[in-house]
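I opened the model today to look up a few features and note them down. The entries follow in the order in which I checked them.

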Amino acid sequence: MTTSTSLVYLIALPLFGATVLLLAGRRADKWGHILGTAMSASAFAVGVYQLTQMLGRTNESRPVTQKLFEWISVGSFNVDAGLMLDQLSICFVLLITGVGTLIHIYSISYMSHDHDRRRFFAYLNLFIAAMLLLVLGNSYLNLYVGWEGVGLASYLLIGFWNQKPAYATASKKAFVMNRIGDMGLSFAIMIAFATLGTVSFDGVKAASEHASTAALTAIGIMLLVAATGKSAQFPLQAWLGDAMAGPTPVSALIHAATMVTAGVYLITRSNFIFDAAPTAQLLVVIVGAITLLFGALIGTAKDDIKKALAASTMSQIGYMILGAGLGPVGYAFAIMHLLTHGFFKAGMFLGAGSVMHGMNDEVNMRKYGALRKYMPITFATFGLGYLAILGVPPFAGFYSKDKIIETAFNAGGNKGIILGIVTLLGAGITAFYMTRVMILTFTGKSRWDDEVHPHESPLLMWLPMAILAVGSVTSGFLLSNGDALVNWLAPLFAEHGEHAERLQPMVVSLLALAVVAVGIAIAFFKYSRQEVLAIAPENVSVFTKIARQDLMQDKFNEAVFMRPGQLLTSALVKTDEAVIDGAVRGVGQMALGSGSVLRGIQTGFVRSYAALILVGAALLIAAIWMVTQ
Amino acid sequence: MDAANYLYLSALLFTIGAVGVVVRRNAIVVFMCVELMLNAANLAFVTFSRINGDLNGQVIAFFTMVVAACEVVVGLAIIVTIYRSRRSASVDDASLLKR
């Protein structure tokens, strides 16, 4: 272990930016966006410096730690606020600060007409700081602070335009659903402390070797709950679609590239727990497989370009979770897909933002069409991202997604066959809905209104898109060339024996390409050969209707959780009013009533008092006489 | 003469005083009845002193007389003040304390 004093700057710089921008108020309106971008860029520079330092060391001494201060010290419970940068964290640090800086630059132009742009950059900086704390914390408790921090930043940014009630509701929905996941994480921390006596990653890893499988399974399941909340996985996935209410750069940074991948980070970071708890690991795979198909199916029916991309994000993170659930052989591929996805999905979201920018903030793809001619750069960068997500060689997704499909097939037995088919099917549906997005947006006839004048976005917007497009093309090859990423991450994960390869990589790639081709072909015949209506048709099959309503996820939540919850709370309120308040009021009434009865004795007439005293004295004497006789 | 007769007289005087306090409305008469009750008690004390052959009862009788004198001073002052403000010496009229 190497110690370093410069890790803290990764977090401190963007946190400083956020603090200054929030405290300075309107005074910072003129230069706020520049400060925000500079802070993010300097954090990226620190990250690159750390990477170069790390590359110069051997595997064992690569992780870097920094102790900040003694945080909690109660009896046997000691937690230091400490940072740890290892081979896994550095991937995230570079992704967060790199993509984050590009999106800062993009936002300068995208948000230039918004009079609250300074506040936007303050929140973006806050998010970067919190996300870096999440991936740099050296214990589950430190991670938890960052975990809550990104939840807060996400809430603030989804509801950035909270003057619209629907947007404010969307941010609240995201926050509440995330809280359920957060509860899972806090339970996991509590169980870890109760059974293992420590919450630091190193401590838990060491203790997990002797811990009971039941305890580890409980921790693993709770961690999975946390991951489903933050990463919008089944069954806590419903918030991601509504989260698209936030400004598009937010959707690109938080709800595509970084924050929603925190669940994958959590599971990968806790690999030692899941490796020792097969039940929890199986659940991870199941959640990933369900979400993968769930998101893809929703994506096929969405007309809102951002919601289609959000559904795609859900589906792609399903791939990552599935990969992470496959054990030591899959962790590195999950991270690889996470990194390539960060590039191509952020790029496509920025492309969607660019389209909206040129189309008066219209998000309905049925009102697009033929934008290829008007926005050539956006078309090119979006198209490269499209090829990457489809997994067309040699674009990024080909290297990362095919590896997950291949690993799924090789998982063995019926599990391998089912997972392989699910991932292949997901790839086909992905091809269908992404082709649909491409066709509806960029080709065919124009379907927009007369007052809309599509135009290409300015340099500050297309430059980040272009850089991300380059990443979409090259990142897969660079990361998998000579198994670079796999070897880089290998020291962190348990050894895994060579799996018997049931299917050759070549066969998997050909199968995937065939499925993708089928998906493209269906989309092509359905949307390019036929007229696309500017208004979504109503006479569609029941499946389309269900898919348009996000596969009934909101209806389900309302029926199963919200309504009974409302009933429970109203019953509790009634009980409170009848029993608790009733008892309090009853005591008061009793005192009042007995008082008014007793008041009758107090007549105010001296003679009646005298008579009472007399009678009392007589009774007293009689009593004494009776007793003494 | 039997000492018990003095005790009977004392009880009779006390009863007359007590009935007077309860029955009469005029504050002066009520006051006189209170004095009657005090003196009935005094008579009893003195009688017991005689019966027991010591001076304790007589000493207490002196105390009672001093207290009664003070009480008369304060009580008459109150009655005169009430009469001045209300033009009445009836104890039933002065029943405003409960309100």
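I began at G444(A), which follows helix α18 of chain A and has a positive phi, near 75°. Helices (H or I, at least four residues) and strands (E, at least two) are DSSP runs, numbered from the N terminus. Helix α18(A) covers residues 413–442, 30 residues in total. From first C-alpha to last, α18(A) reaches 43 Å, close to the 44 Å expected at 1.5 Å a residue; the expected span is 1.5 Å times one less than the number of residues.

I noted that this is a predicted model: local features need pLDDT of at least 70, side-chain atom pairs count only at pLDDT 80 or more, and totals for chains, interfaces and linings use all residues. Residues are numbered from 1 along each chain as its sequence is written, and chains are lettered from A and ligands numbered from 1 in the order in which they are written.

Next I looked at the sheet in chain A. It is open, with three strands in the order β1-β2-β3 and mixed pairing (two strands pair if DSSP finds at least two bridges between them). β1 (2–3) and β3 (77–85) of chain A are the edge strands, each pairing on one side only. β2(A), residues 64–74, runs antiparallel to β3(A), and nine bridges join them. I found V74(A) opposite F77(A) of β3(A).

Last, I checked the contact between the chains, where two residues are in contact if their C-beta atoms, placed from the backbone, lie within 7 Å. Chain B gives nine residues and chain A gives nine residues. I also listed the contacts of I335(A) beyond four places in sequence: L88(A), C91(A), T268(A), L485(A) and L489(A).
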